[in-house]
Amino acid sequence: MQTEPSYRKLLAAAGFAWLFDAMDVGMLSFVVAALAKEWQLTSAQVGLIGSISSLGMAVGAVALGALADRFQRQNILISSLLIFSIFNGLSALAGSYIVFIGLRFIVGIGLGGELPVASTLFSEKAPATIRGRTVVLLESFWAGGWLLSALISYFLIPQFGWRVAVAMTSLTAVYAIVLRIHLKGTTSQAPQQRLSLTTRLRTIWSGTYFSATLMLWTVWFMVVFSYYGMFLWLPSVMVLRGYSIVESFGYVLLMTLAQLPGYFTAAWAIERWGRKLTLVVFLTGTAFSAILFGLAQSLVMLMIFGVLLSFFNLGAWGALYAYSPEQYPAEVRGTGTGLAAGFGRIGGIVGPLLVGLLLQSHVAITMIFGIFFAAILIAIAAILILGKETMAAQNPAA
């Protein structure tokens with residue numbers, strides 16, 4: 001068991017890596033709005049940018065999640081951060097749409113690997129009494145990254161262009177060195193028994209863990225599908241509602257502010273209500289905020305339900321990252337969590353692309369957000385029917 005100062009140091013070190021990753025994902029939603037104008041992209045082409053990033057994240061989550069069960073988790077964490085940082089810098093130099101989406105795929109591999117590996121590592125490091133809260137607090141750095149991306153996009157992109165904003169995220173390569181220093185001498189909770197990949201796959205789909213795996217794959221798919229479908233298109237949706245790019249960036253910036261209290265509320269609730277109930281409550285809030293945002297016509301209503309959407313959806317993400325690693329024992333934890341996240345990224349491929357195709361076919365925004373409403377209800381049903389409460393379970397690090 002790590003001492004409290006030790007795991008707090010680890011929380012801060014990896015949390016900032018998470019923040020930089022979130023800054024990239026958040027900034028992409030603003031960048032695509034600028035790219036659509038600069039490169040005269042169709043809605044389908046814009047949607048493909050988000051989808052190709054999610055495809056890379058799927059590959060990264062599965063491959064690096066599996067490697068995290070074979071090698072030290074902190075080394076995989078640092079490697080994923082370097083992949084993400086270096087290729088993000090290169091994408092700022094892209095001169096064409098094809099080159100840009102190719103680089104975004106590789107960026108996605110690094111990002112997709114970092115998130116489940118970090119949550120697995122922290123699930124093992126934190127004391128059992130505050131384990132869920134600690135993982136949610138790690139996730140709260142994501143909101144900080146989104147907020148930074150909104151600030152940078154609002155002040156830099158209209159004046160200096162999207163390349164400067166994207167290039168800033170490549171500076172996280174420097175942070176990888178800092179992270180390595182912070183993690184030096186820290187050993188992750190390596191499983192006592194190292195199983196082959198085939199054995200690990202059979203284990204997570206065995207009778208003991210079948211329901212948990214089916215539940216996680218369903219929830220991850222629906223949550224990622226709706227999140228990337230809604231949030232990567234959020235600035236563009238505001239533009240479609242008749243607001244300028246600068247106005248849209250400003251309004252989304254205000255919506256983003258609600259992410260932090262969403263995380264902190266989830267962090268409070270998860271140790272009081274339990275993982276399952278917290279996740280259900282926040283997903284329910286997400287579902288109704290989504291449908292009401294899609295129905296909203298006035299700026300006031302768009303802002304109210306946009307704020308609520310950010311609050312509930314990001315709180316749900318925090319709960320999901322805390323809930324997922326607790327479904328499995330140490331020897332298959334990275335693989336199980338990584339595969340669930342990787343399958344979820346297929347939803348991230350479908351979501352943005354589907355929105356682009358539907359908008360190109362002149363489908364109403366209300367109908368599109370109705371699809372996300374239904375998807376989240378499916379996730380809620382999976383948790384209620386197949387999910388078990390894990391808060392009282394034995395510390396996974398034990």
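Q: What counts as a helix, and how are helices numbered?
A: A helix is a DSSP run of H or I with at least four residues, and the numbering starts from the N terminus. The model described here is predicted. H362 is placed in the loop between helix 15 and helix 16, the latter covering 365–386.

Q: How many helices and strands are in the chain?
A: The chain has 16 helices and zero strands.

Q: What makes H362 buried, partly exposed or exposed?
A: The cut-off for exposed is over 50% relative accessible area. H362 has 73%, so H362 is exposed.

Q: What is noted about the phi of H362?
A: Phi of H362 is near 65°, which is positive, and H362 is not a glycine. Most residues other than glycine have a negative phi.

Q: Where does Q40 lie, and what is its phi?
A: Q40 is in the loop between helix 1 and helix 2 (43–67). Its phi is positive, about 55°, although Q40 is not a glycine.

Q: How do you know whether Q40 is buried or exposed?
A: Exposed requires over 50%. The relative accessible area of Q40 is 63%, so Q40 is exposed.

Q: How do you know whether V32 is buried or exposed?
A: Buried means under 20% relative accessible area. V32 has 4%, so V32 is buried. V32 lies in helix 1 (residues 4–38).

Q: Which residues does V32 contact, leaving aside neighbours within four places in sequence?
A: V32 is in contact with V46, I49 and L232.

Q: What makes S80 buried or exposed?
A: The relative accessibility of S80 is 1%, and buried means under 20%, so S80 is buried. S80 belongs to helix 3 (residues 73–91). Not counting residues up to four places away in sequence, S80 touches L64, G110, G113 and E114.

Q: What share of the chain is buried?
A: Of the 398 residues in the chain, 61% are buried.

Q: What share of the contacts with a separation of 6 or more joins residues 24 or more positions apart?
A: Such residues account for 87% of those contacts.

Q: How many aromatic pairs are there, and why is the pair of W217 and F343 classed as it is?
A: The structure holds 25 aromatic pairs. A pair needs ring centres within 6.5 Å, and planes under 30 degrees apart count as stacked. The rings of W217 and F343 have centres 4.8 Å apart and planes at 25°, so this pair is stacked.

Q: What parts of the chain does the pair of W217 and F343 tie together?
A: W217 lies in helix 9 (residues 210–231) and F343 lies in helix 15 (residues 330–360), so the pair ties together parts that are 126 residues apart in sequence. W217 has a relative accessibility of 18%, so W217 counts as buried. F343, with a relative accessible area of 29%, is partly exposed.

Q: What makes the pair of W268 and W273 stacked, tilted or edge-to-face?
A: Planes over 60 degrees apart count as edge-to-face. The planes of W268 and W273 are at 80° and the centres are 5.9 Å apart, which is an edge-to-face pair. W268 is partly exposed at 43% relative accessibility, and W273 is partly exposed at 36%.

Q: Which residues form one aromatic cluster?
A: The members are W205, F210, W217, F221, F225, F293, F343, F369 and F372.

Q: How do you know the relative direction of helix 12 and helix 13?
A: The axes of helix 12 (residues 259–270) and helix 13 (residues 275–295) come within 9 Å and cross at roughly 150°. Angles over 145 degrees count as roughly antiparallel. Helix 12 and helix 13 are therefore roughly antiparallel. The crossing is right-handed.

Q: Which residues of helix 12 and helix 13 meet?
A: G262, T265, A266, A269 and I270 in helix 12 meet R275, T278 and F282 in helix 13. By class, the residues of this contact are four nonpolar, three polar and one charged.

Q: What makes helix 8 and helix 15 parallel, antiparallel, oblique or perpendicular?
A: Helix 8 (residues 197–204) and helix 15 pack at about 70°, with axes 10 Å apart. The range 65 to 115 degrees counts as roughly perpendicular, so helix 8 is roughly perpendicular to helix 15. L197, R200, L201, T203 and I204 of helix 8 make the contact with E331, V332, T335, G336 and L339 of helix 15. This contact has five nonpolar, three polar and two charged residues.

Methods:
Residues are numbered from 1 along each chain as its sequence is written. This is a predicted model: local features need pLDDT of at least 70, side-chain atom pairs count only at pLDDT 80 or more; totals for chains, interfaces and linings use all residues. Side-chain values use heavy atoms; hydrogens and water are left out. Helices (H or I, at least four residues) and strands (E, at least two) are DSSP runs, numbered from the N terminus. Buried means under 20% relative accessible area, exposed over 50%, partly exposed in between (1.4 Å probe, protein chains only). Contact means heavy atoms within 4.5 Å. Rings of Phe, Tyr and Trp (its six-membered ring) pair if their centres lie within 6.5 Å; planes under 30 degrees apart count as stacked, over 60 as edge-to-face and the rest as tilted. Axes are lines fitted to C-alpha atoms, for helices over the stretch in contact, and angles run from 0 to 180 degrees between N-to-C directions. Angles under 35 degrees count as roughly parallel, over 145 as roughly antiparallel, 65 to 115 as roughly perpendicular and the rest as oblique. A crossing is left-handed if the near helix is turned anticlockwise from the far one by less than a right angle, and right-handed if clockwise. Ala, Val, Leu, Ile, Met, Phe, Trp, Tyr, Cys and Pro count as nonpolar, Asp, Glu, Lys and Arg as charged, and the others, Gly among them, as polar.
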